[in-house]
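We will go from stop to stop, picking residues as we go.

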Amino acid sequence: MRIVGLCLLLLLAKPVLADTAIFAGGCFWCVEAAYQEVDGVEGAVSGFTGGELENPTYKGNHEGHYEAVKLTYDHSIISYEKLLEIFWHNLDPFDDGGQFCDRGFSYKSANFTNSDEQLAAAEQSKASVIAQFQMQSVVTPIRG
């Protein structure tokens with residue numbers, strides 16, 4: 001009983017280091033795959049975000065929404081900045097019509113931030129991509 005109580009106490013005392021990040025980069029299964037084997041990424045949930053329509057569905061209406069993935073990650077293992085690096089490397093930030101062979105609004109890329117810190121990091125990473133590809137227009141938005 002003491003060991004169980006001690007283990008429970010240790011579990012409860014463990015600091016929560018999980019955070020979330022939301023990325024849209026075309027087909028949500030492709031975005032999931034890009035993060036699936038990354039150390040520190042604890043989970044990924046596919047869905048729709050960014051639109052006004054309530055209760056969008058995959059086989060039904062999801063007009064105005066992006067296909068996106070909500071990542072849960074341990075920021076003591078991987079930084080949000082590293083997640084952003086992976087994001088930019090797995091999409092075409094110059095394509096405003098979708099991603100690769102997936103066409104249409106729901107397949108457009110976007111970064112959905114959920115804090116001022118994420119917003120600042122996302123803007124900095126986008127500025128880096130813009131500086132690297134000065135002859136092209138980066139159309140991937142950052143949305144809060």
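What follows is a short tour of a pocket and some charged pairs in a predicted model.

**Stop 1: the pocket**

Rolling a probe the size of a water molecule over the atoms shows where empty space is left. Start with the largest pocket, which holds about 270 Å³ of space. Select E85, W88, H89, V129 and Q132. Of the 15 lining residues, these lie nearest the centre of the pocket.

Now colour helix 3 (80-89) and helix 4 (116-132). Each supplies at least two residues of the pocket lining. Which helix gives the largest share of the lining? Helix 4 does, with six residues.

What kinds of residue line the pocket? Eight are nonpolar, five are polar and two are charged.

**Stop 2: a pair within helix 3**

Side chains of opposite charge can pair when their charged atoms come close. The count of salt bridges here is three. We will visit each in turn.

Stay with E85, which you selected among the residues nearest the pocket centre. K82 and E85 form a salt bridge, at 3.0 Å from N to O. Count along the helix: the two residues are three apart in helix 3, so about one helical turn separates them.

**Stop 3: D95 and R103**

Select D95 and R103 next. Their side chains meet in a salt bridge, with 2.8 Å from N to O. Check the surface around each partner. D95 has 18% relative accessibility and counts as buried, because the cut-off for buried is under 20%. R103, at 42%, counts as partly exposed.

**Stop 4: D96 and K108**

Move on to D96 and pick K108 with it. This salt bridge spans 3.2 Å from N to O. Where do the two residues sit? D96 is in the loop between helix 3 and strand 4 (98-99). K108 is in the loop between strand 5 (102-103) and strand 6 (109-112). The pair therefore ties together parts that are twelve residues apart in sequence.

D96 is partly exposed, at 46% relative accessibility. K108 counts as buried, at 16%.

**Last look**

Conventions: Residues numbered from 1 in each chain as written. Predicted model: local features only at pLDDT ≥ 70, side-chain atom pairs only at ≥ 80, totals over all residues. Heavy atoms only, no water. 1 Å grid on protein atoms, 1.4 Å probe; cavity = no way out; pocket = protein on both sides within 12 Å on 5 of 7 lines; lining within 4 Å. Points joined across faces, edges and corners; volume = space filled by probe spheres on them. Helix = DSSP H or I, 4+ residues; strand = E, 2+ residues; numbered from the N terminus. Nonpolar A, V, L, I, M, F, W, Y, C, P; charged D, E, K, R; others polar. Salt bridge = Lys/Arg side-chain N within 4 Å of Asp/Glu carboxyl O. Buried < 20%, exposed > 50% of the residue type's maximum accessible area, 1.4 Å probe, protein only.
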